[in-house]
Amino acid sequence: MSSRISLTQYLVEQQRQNNSIPPQLRLLIEVVARACKRIAISVNKGALGDVLGSADSENVQGEVQKKLDIIANEVLIEANEWGGHLAAMGSEEMDSIHLVPNRFPQGEYLLLFDPLDGSSNIDVNVSIGTIFSVLRKVNNHRGVSEEDFLQPGKQQAAAGYCIYGPQTTLVLTVGDGVAMFTLDREMGSWVLTEDNVRIPADTKEFAINMSNLRHWAPPVKRYIDECLAGTTGPREKDFNMRWIASMVADVHRILCRGGIFMYPWDAREPQKAGKLRLMYEANPMGFIVEQAGGLATNGKQRILDITPTKLHERVAVVLGSKNEVERVTRYHLEQGD
Ligand code: AHG
Ligand code: MN
Ligand code: MN
C-alpha cells in the first residue's frame, strides 16, 4: 500500500478536518489543477507542438502575446466555465472579465489568473508557470461586474501556482498553510510532496532585475547597496543574487529555501506603480508567502490590504523572508518615499 496522498485526498481531508474547503471550492481547485496538467503538456511539447513564438497580438497592457499565453488562457476558460463553481473569470490576457455563459449554472466564486507567467522564458526553455487567485462573489444576484472583483487580497479564498520546470509542481493555499504537489506523469496525478511549507525569516539571497538599478528609488538602492557591500558592509555578510524573470520560479525558490524578491517602482514609467499585476500576480503570491510565514508589501503597505481600483492594476512588490521584507519596508517608511 502506498502512503502517497493525492490532491483530491488532501482537499477532502482539509474539508473534513478544518472545514476550510466548501465543495464548490474543492471542485474549482481540482479543475484548475487539471487545466494546469493540460498546459504542462503543451509546454513540454515545445517546438514539436508548434507552441513557441509570438501570436502577433497584444494584450490590454500592450504586451506582445506569446502563443502559449493564449493557449493557457483558453485552457483555463474552457475548463472552468461549465462546472457550476464559478460566476466569472478575470485574466491578465483578457481586456475585461469573462462571465460564465448563461447555459451553465453560476457558482459562488470568482477566478483570476495569469495563465502563463514568465512569457519571455517560454522560447528559451526556462521555468514558467500559471498563477491563480480565488475570491468569493459577494453580491448574490446573477450579474457580475468588474467591481465584484475589486476586493483586497486578504479576502482570497484560495491561491496557488503551477510551475512548469524540471518538475511540474502545484503550490496551494486555502488559508491554512501552504502545500506542494508534484505531478506524477505516469499516473497523471498530483501527489503531496511538501506540507506546511515555511519560509526562513532570514536569508542571504535577493532577486531583483539589477539592470534597472539606475531607475530605482533611494530605499531600494540603499537596500541593494548594503547587500552588495557584503561582509565589510553594514549587513556584515555576503549575499547571493538570482533573477529568473519568471515570478513563479523566483517565488518558488523562496518557498523552498528563503530569499527576498523585489519588483519595485522605477523611473522608467513613473506613472506606473510597478510592473507586476496586483490581482493576477501580487495578491496570490502575497497570500501564499504570508501563509508560509513570509511577508509581502508594496514597500510601504501590506499587499493583501490594498483595495484594487481596476482589474489590471499594477503594484510594486517586495516579498519573501520576513526580516528582509521588514527591512526594505522600513527603509521606504523612513525615507517617506
Ligand atoms: P508575464 O510573463 O506574466 O508578463 O510576467 C512576467 C513578469 C514576472 O514573471 C517576472 O518577475 C517579471 O515580469 C520579469 O520582468 P523583467 O523582464 O523586467 O525582468
Ligand atoms: Mn506574470
Ligand atoms: Mn502572463
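Because the model is predicted, local features require pLDDT of at least 70 and side-chain atom pairs count only at pLDDT 80 or more, whereas totals for chains, interfaces and linings use all residues. Residues are numbered from 1 along each chain as its sequence is written, chains are lettered from A and ligands numbered from 1 in the order in which they are written, and side-chain values use heavy atoms, with hydrogens and water left out.

The chain is divided into two parts, domain 1 (7-194) and domain 2 (205-335), with bounds that come from an automatic or database domain assignment. Their centres, taken over C-alpha atoms, are separated by 24 Å. In the interface, 50 residues of domain 1 are in contact with 32 residues of domain 2, contact meaning heavy atoms within 4.5 Å. The two domains bury about 2900 Å² between them, and 64% of this area lies on carbon and sulfur atoms; buried area is the accessible area (1.4 Å probe) that two parts lose on being put together, summed over both.

Three salt bridges are counted between domain 1 and domain 2, a salt bridge being a side-chain nitrogen of Lys or Arg within 4 Å of a carboxyl oxygen of Asp or Glu. E63 forms a salt bridge with R277, with the closest N and O atoms 2.9 Å apart.

Several elements, including β3 (86-91), β5 (109-117) and α4 (146-149), each supply at least two residues of the side of domain 1 that touches domain 2. Helices (H or I, at least four residues) and strands (E, at least two) are DSSP runs, numbered from the N terminus. Strand β6 gives the most to this side of domain 1, with seven residues. By class, the side comprises 23 nonpolar, 19 polar and eight charged residues; Ala, Val, Leu, Ile, Met, Phe, Trp, Tyr, Cys and Pro count as nonpolar, Asp, Glu, Lys and Arg as charged, and the others, Gly among them, as polar.

An open sheet of eight strands has the order β4-β3-β5-β6-β7-β8-β9-β10, with mixed pairing; two strands pair if DSSP finds at least two bridges between them. At its edges, β4 (98-99) and β10 each pair on one side only. Within this sheet, β7 and β8 are antiparallel and share six bridges, and A159 stands opposite T173 in β8. Five bridges connect β9 with the antiparallel strand β10 (residues 189-194), where L192 is the bridge partner of F181. The hairpin of β9 and β10 has four residues between the strands, and G188 in the turn has a positive phi of about 70°.

A second open sheet, also of mixed pairing, contains five strands in the order β12-β11-β13-β17-β15. Its edge strands, β12 (240-241) and β15 (295-297), each have a single partner strand, so one side of each is left without a neighbour in the sheet. Four bridges join β13 (residues 260-263) to the antiparallel β17 (residues 317-320), and M262 stands opposite V318 in β17.

The structure holds 20 salt bridges. R302 forms a salt bridge with E290, with the closest N and O atoms 2.8 Å apart. This pair links distant parts of the chain, twelve residues apart: R302 lies in the loop between β15 and β16 (314-315), and E290 in helix α7 (residues 278-291).
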